[in-house]
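Hi,

Here is the structure I promised to pass on to you. Have a look at it first, and my notes follow below.

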Amino acid sequence: MSERVKFSRSKGFFEIFERRPGAVKKNMSYCPGCGHGILHKLIAEAIADFGIQDRTTLIAPVGCSVFAYYYFDCFGIQVPHGRSAAVATGLTRANPEGIVIGYQGDGDLAAIGFNNFIQAANRGENYCVFFVNNAIYGMTGGQMAPTSLIGQKTTTSPYGRNAANEGFPLKVCEMTAQLEAPVYVERVALTSTANIMKARQAVRKAVKNNIDKKGFSLVEFLSGCPVNLKFDASQMDEFIDKEMTKYFPLGVFKDESTQREPNIRPVPVYDTEKVREAMFPLKIGQGVSDDYRCASKIFDRELRIKIAGFGGQGVLSLGLIIAAMGKQRNFNVSWLPSYGPEMRGGTANCAIIVNREAIGSPIVDSNCDLLIILNKPSLDKYVQELSPSGILLYDSSTIETPPELDGGQSVFSLDATNIAEEFGNLKCANSIMLGALAAILKAKFLDEVDTADIDGLVADALTECFTGKEKIVKMNIEAYQLGLNKMFGNIADV
Amino acid sequence: MTGKIKKTHRVEIIADECKGCGRCINACPKKVLEMGTVFNFMGTTYAVYKGSGCIGCGGCFYACPEPGAISVIEISEDDNEVQQ
Ligand SMILES: Cc1ncc(C[n+]2csc(CCOP(=O)(O)OP(=O)(O)O)c2C)c(N)n1
Ligand code: SF4
Ligand code: SF4
Ligand code: SF4
Ligand SMILES: [Mg+2]
């Protein structure tokens, strides 16, 4: 006589649930007859049979299954309510060889987490979602879920769910199956043995898809919460089989498992140097050492700059170039753009702060040291922000009458737009203004070393701002030189 | 040498792992499980095997929400062995 164990505790479970507090270490925390337990067994069996326990992560949701990681002998993460799909995305992207199971309830998936879920489905993330639809918020004591049936009484729908008031139960499988990306979508029920066997196959198919990198699989389990629905075991199964399946029909909504090629995503980059190379331009030109400090007196304190004009005049990029110059000479810089909803034609301005010390706020709305103005409305609006000792530089091709100022300020102008037109490219007006600014600085504010440094610095900043666009860099350097020379002429004339 | 192999089955239910939900009893096609009358460690009655008639289908195992409350065991008996 010999004996063979045909069905017993799966190796996919821990033998003893050490993490479970209290005296009971062999069974789970669910109520008697709960569907979560039935599904847990199917999952445990699948990960053990496929031999994937060492590379599987089960994501426990918020809900009754919040402690699912107590039970499965694989990796486990418990995530904030509804955020399963976001975490699953990170896991599967970071480790494409990993198997990821997103275990979610109907509140977790179809209410608070629905956007996360549907976006991950639409991206075809390579993982499986096991969605427990028990038509109720189990953990919190029986509130209405997005999947509660019409007429179903819950603590928050005491007269029964009314479509006119609470809308209709959400058909998650039907919605997901409409998307291109998901590979497999099926709804099953955790009721009779025949239905549980179908659920078992569905679990295995979804996990297999994940192993084969076929993409996103969703299995919805109509599941019992006999405690909150106040049913015994037979009534619970009857409710699911008779009532729930009327609105949530069982079956396969989509299955392209055999047709799909494995989805191989681009290999992620982890090397910090390579990430930096891809995201930030390399150090360019005659870069300075980290402790280099420009010596000119004006840099002893914070410099507050505002540039304003109409959108499309290059106001924002002029600000960026100036900020890049500051950055390349080891200043802290901030650049704060402000523009209307329209891309071009409205007013635009940006604030730049350059400081050796930390910058408190990036906003410049008073005590402005340098105001660069490219059109009349901006002049009227911002001139009062200029500090008593500030510099105003304006485009005299758009502003005919010079502004009246109280005295202490310095006012310069250049007909930048006209010059840009002659130069052949209106877009270069901003670089012409930058040339004008450099001329003013060289003539009045910089020491010898900084004077000699500025042309190269502008070239470096332009190269940084227009990475890889050599022609544009070259053209803007020419425009800068033009502005510089014209402005020198103007200053000399005064 | 060996005769026909005769297969029978039996179910083992661990009293303290059962929560007394009755799902296994409903699932059994042979109606060989029933709710006991004594209490377990948790203070609930638990399912028990009537002692014979199990066909080893596993229905009760999959119906049960607990990992190890139910095990189904297959017993193989050789006709010769039986005679010995
Ligand atoms: C951000 C946040 N909002 C709300 C809650 C409260 N809460 C806990 S579980 C839950 C719903 C659980 O329902 P479901 O996802 O269906 O899981 P079940 O318990 O039914 O398995 C809610 C709303 C929470 N924990 N966190
Ligand atoms: S409240 Fe419902 S879903 Fe939660 S453990 Fe109990 S039966 Fe299961
Ligand atoms: S294995 Fe099948 S026949 Fe045996 S007790 Fe379980 S359900 Fe009944
Ligand atoms: S299904 Fe499991 S928990 Fe429920 S009565 Fe049977 S053995 Fe006990
Ligand atoms: Mg629920």
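The largest cavity holds about 130 Å³ of space. Keep in mind that this is a predicted model. Of the 19 residues lining that cavity, the ones closest to its centre are Cys18(B), Lys19(B), Gly20(B), Cys21(B) and Cys64(B). Searching the whole structure turns up 3 cavities of 30 Å³ or more.

Next, have a look at the open sheet of 3 strands, ordered E1(A)-E4(B)-E1(B) with antiparallel pairing. Its edge strands are E1 (2–7) of chain A and E1 (5–13) of chain B, and each of these pairs on one side only. From one strand to the next, the twist averages 30°. The pairing of E1(A) with strand E4 (residues 70–78) of chain B is antiparallel and runs over 5 bridges.

Now for the cores. The largest nonpolar core has 58 residues, and those with the most contacts inside it are Leu39(A), Phe72(A), Phe130(A) and Ile70(B). Helix H1 (residues 35–49) of chain A contributes the largest share of this core, 7 residues. What does Phe72(A) touch, not counting residues up to four places away in sequence? The partners are Gly12(A), Phe13(A), Phe14(A), His40(A), Ile43(A), Ala44(A), Ile47(A) and Leu58(A). A second, separate core has 50 residues, among them Leu370(A), Leu414(A), Leu434(A) and Ala439(A).

Happy browsing, and best wishes

Definitions and conventions: Residues numbered from 1 in each chain as written. Chains lettered and ligands numbered in written order. Predicted model: local features only at pLDDT ≥ 70, side-chain atom pairs only at ≥ 80, totals over all residues. Heavy atoms only, no water. Pairing = 2+ DSSP bridges. Helix = DSSP H or I, 4+ residues; strand = E, 2+ residues; numbered from the N terminus. Axes fitted to C-alpha atoms, helices over the stretch in contact; angles between N-to-C directions. Core = buried A, V, L, I, M, F, W, Y, C linked by side-chain atoms within 4.5 Å. Buried < 20%, exposed > 50% of the residue type's maximum accessible area, 1.4 Å probe, protein only. Contact = heavy atoms within 4.5 Å. 1 Å grid on protein atoms, 1.4 Å probe; cavity = no way out; pocket = protein on both sides within 12 Å on 5 of 7 lines; lining within 4 Å. Points joined across faces, edges and corners; volume = space filled by probe spheres on them.
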